[in-house]
Amino acid sequence: MEQTLLTPRVGFIIISEPYPDENYLNYCGTMENAPSSCIVCGSRDRELLMERDPWRIYQCTSCGLGALDPRPTGEELKELYTRDYFASQYDEGAEPGSVEFKKWLSLLEHRVRFFRKENACGRLLDVGCGNGYFMALCRSKGYDVQGIDVSTWAATYATKTLGLTVHIGQIDDVDLLGDQFDIITMWHLLEHTRNPRHVLEKVKGWLEGDGILAVEVPNYEGRDARVYWEDWIGWQFPFHFFHFTPTCLRRLLTDCGFHLVKAKDYHSETVKRALKRIPVASIFARRIAKFYSGHSIAVLAELRKDTGA
Ligand SMILES: [Zn+2]
């Protein structure tokens, strides 16, 4: 099978890069079990969804959420999110103003377009900000930005080189001293967390009453996952603790007091690439691929007024 790497954080294709989780397949740090009941629907019934020795992902038979079990402990995560991990997701940190830097910002433009119509200015918090390219892009468009990330290395680049404000730590450790935000973004963050429900409850407290939340996660029901399956990059052992479908992501957000404003289904890279090989069809490859679910889904949500939040 052709090896394709769909970089989760930016959603474009890199070909012929090493599969980033190969280094972690034999990881043997301290482990813990996933929650005994589904964090979306509460069911205890599950079945094996995906196995790639020594890792197993179980699917809730009620709502479809996938959960890695067992998984590294919270302490182990600090060891896992090293410079190597972030360098595999982005790069070593481009020089501001360089061609490479501009390229990264350009690749992230689509994320700003996703919420700009709903909120064209204001205070923005990027949870899981990595080395801050997205924050830098938002700052250039007039947003007042802050970020949170678990990686000291990534946060140091964002603060020292880009002059951004980044709070270092997992979301439960961070105290924003009463700050409120008009926009909170979580691009490929929720699937990394130990309990996405707790994360959504926490960010709810940081959102202004008329604020918006943007969430993007891999979609294991998408065509790209189904085609590549065992080799699908979205599994990201052992970094991704949860695996969403569009249905269970929406259900979790609704349960946590959010109202869905809009959703985005990324087009299938698998279909696009197949059509590109056919001379006539290649002209329409991108348009046709939009009819097939791709690697990720994104949703924009606001606080429901009846929650009193
Ligand atoms: Zn469930």
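Helices here are DSSP runs of H or I at least four residues long, and strands are runs of E of at least two, both numbered from the N terminus. On that count, the protein has 11 helices and 15 strands. The model is a predicted one.

Start with the protein as a whole. It has 309 residues, and 41% of them are buried. Now take the contacts with a separation of 6 or more. Of these, 69% join residues 24 or more positions apart.

Turn next to one of the sheets. Four strands form an open sheet in the order β4-β5-β6-β13. Their pairing is antiparallel. Strands β4 (46–52) and β13 (242–243) stand at the edges. Each has a single partner strand, so one side of each is left without a neighbour in the sheet.

Inside that order, look at β5 and β6. Strand β5 covers residues 55–60, and strand β6 covers residues 66–68. Three bridges link the two in the antiparallel sense.

After the helix comes Gly 163. Its phi is positive, near 70 degrees.

Technical notes:
Residues are numbered from 1 along each chain as its sequence is written. This is a predicted model: local features need pLDDT of at least 70, side-chain atom pairs count only at pLDDT 80 or more; totals for chains, interfaces and linings use all residues. Two strands pair if DSSP finds at least two bridges between them. A residue is buried if 20 or more other C-beta atoms lie within 10 Å of its own, exposed if 12 or fewer, and partly exposed in between; C-beta atoms are placed from the backbone. Two residues are in contact if their C-beta atoms, placed from the backbone, lie within 7 Å.
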